[in-house]
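Work through the exercises below with the structure in view, and try each task before reading its solution.

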Amino acid sequence: MAEQAPDEFIWCEDCGQYHDSECPELGPLVTVQDSFVLSRARSSLPNSLEIRQVADGQEGVFVMRRLVKRTRFGPFEAKRVPYLEKEGAFPLKIFQNNAVVVCYDSSSEEDCNWMMLVRPAADHTHQNLTAYQQDDGVYFNTSQDVFPGTELRVWYGAFYAKKMEKPMLRPPLLPAPLPDLVETSDTTGTHMPPVAEENNAGDMLSHLDETATAAMPQEEEEEEEESLVGPDEEKVFNPPAAQPVRKRVQGRGRRAKGRRPGATGSKSKGERGRDPQGETH
């Protein structure tokens, strides 16, 4: 058997010999592993919150007990650097009075507290935390009551977003309603555009005149029939009650029609030929 270098064997302190595995006389060693140590970010999580798996293998911070509006978390803890080589989805900065800007490096869980695990809101309906700067730190405030089972989602406050040059999450603007161009006529119930109604007022009056003119021939026939009937016949021959009475349509601008000259002359001639006793001269 070829000799093997001593560094390829395990030295046994008990028997004082090298072995290629555990000691054949004493047996294997008992190994004790270290306990699992949470990162600084995970170990600083408050008892009222928990970390859960969300879509796409990501993690989010969820509420276990109700949080009332204006509950504050913070300050945000992370390594402070003069600039960031690459900004994440939710960068944070401190704006100092001397116009110096300090950035938070939240790339490592060992350098940050649990607030780095809060996901940013992608829509105004998701946001329930507002990030803002106060003195020399950044805090998260609840913007509404947050109930158990709800994920915390954060976005910038109005003043802080302006400094960060980030947009605010607002509901989408609805398009303005189009003006109602169609109006209903009170008399006819028909629809007519207002402009056409104003411009065609004269046309409507002309239409009424045409309607009245169309009814005039019927009225003239009625007047001619009345002129051919004498006074005595009007007393004897009364129209039956069952006959419908025709309504006369008064047209605009219709001139009064006189009786026919022939009928009036014959009627007057008959009246002159009779004396009070009914004798003819």
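**Exercise 1. Find the strand that S10 pairs with, and then look for a further partner of that strand.**

Start at strand S10 (residues 129-134), which pairs with S12 in the parallel sense over three bridges; strands here are DSSP runs of E with at least two residues, helices are runs of H or I with at least four, and both are numbered from the N terminus. Two strands count as paired if DSSP finds at least two bridges between them. Next, take leucine 129, whose bridge partner in S12 is valine 154. Then turn to strand S9 (residues 119-120), which runs parallel to strand S12 (residues 153-156) and is joined to S12 by two bridges. Here proline 120 stands opposite valine 154.

**Exercise 2. Decide how far the coordinates can be trusted.**

This is a predicted model, in which local features need a pLDDT of at least 70 and side-chain atom pairs count only at pLDDT 80 or more, while totals for chains, interfaces and linings use all residues. Residues are numbered from 1 along each chain as its sequence is written, and side-chain values use heavy atoms, with hydrogens and water left out. The protein averages a pLDDT (the predictor's confidence in each residue, from 0 to 100) of 74, and 56% of the residues score at least 70. Over residues 219-237 the pLDDT is below 50, although this stretch has 21 contacts (heavy atoms within 4.5 Å) beyond near neighbours in sequence. Residues 263-281 also have a pLDDT below 50, with 11 such contacts in the model. Where pLDDT is low, the predicted coordinates should not be read in detail.

**Exercise 3. Describe the open sheet that contains S8.**

Begin with the order of its three strands, S6-S8-S7, which pair in the antiparallel sense. S6 and S7 stand at the edges with a single partner strand each, so one side of each is left without a neighbour in the sheet. From one strand to the next the twist averages 30°, taken between lines fitted to C-alpha atoms, with angles running from 0 to 180 degrees between N-to-C directions. Finally, S6 and S8 are held by three bridges, and valine 81 stands opposite cysteine 103 in S8.

**Exercise 4. Locate the largest nonpolar core and follow one of its residues.**

A nonpolar core is a set of buried Ala, Val, Leu, Ile, Met, Phe, Trp, Tyr and Cys residues joined through side-chain atoms within 4.5 Å, where buried means under 20% relative accessible area, exposed over 50%, and partly exposed in between (1.4 Å probe, protein chains only). The largest has 32 residues, and those with the most contacts inside it are Leu49, Leu92, Trp114, Phe140 and Leu152. Elements that each supply at least two residues include strand S4 (59-63), strand S11 (137-142) and helix H2 (158-164). Leaving aside neighbours within four places in sequence, tryptophan 114 has contacts that include Leu49, Val61, Phe73 and Leu152.

**Exercise 5. Explain what the salt bridge of arginine 42 connects.**

The count comes to 10 salt bridges, each a side-chain nitrogen of Lys or Arg within 4 Å of a carboxyl oxygen of Asp or Glu. In one of them the side chains of arginine 42 and glutamate 109 meet at 3.1 Å, N to O. Arginine 42 lies in helix H1 (residues 40-43) and glutamate 109 in the loop between S8 and S9, so the pair ties together parts that are 67 residues apart in sequence. Arginine 42 is partly exposed, at 24% relative accessible area, and glutamate 109 is partly exposed at 25%.
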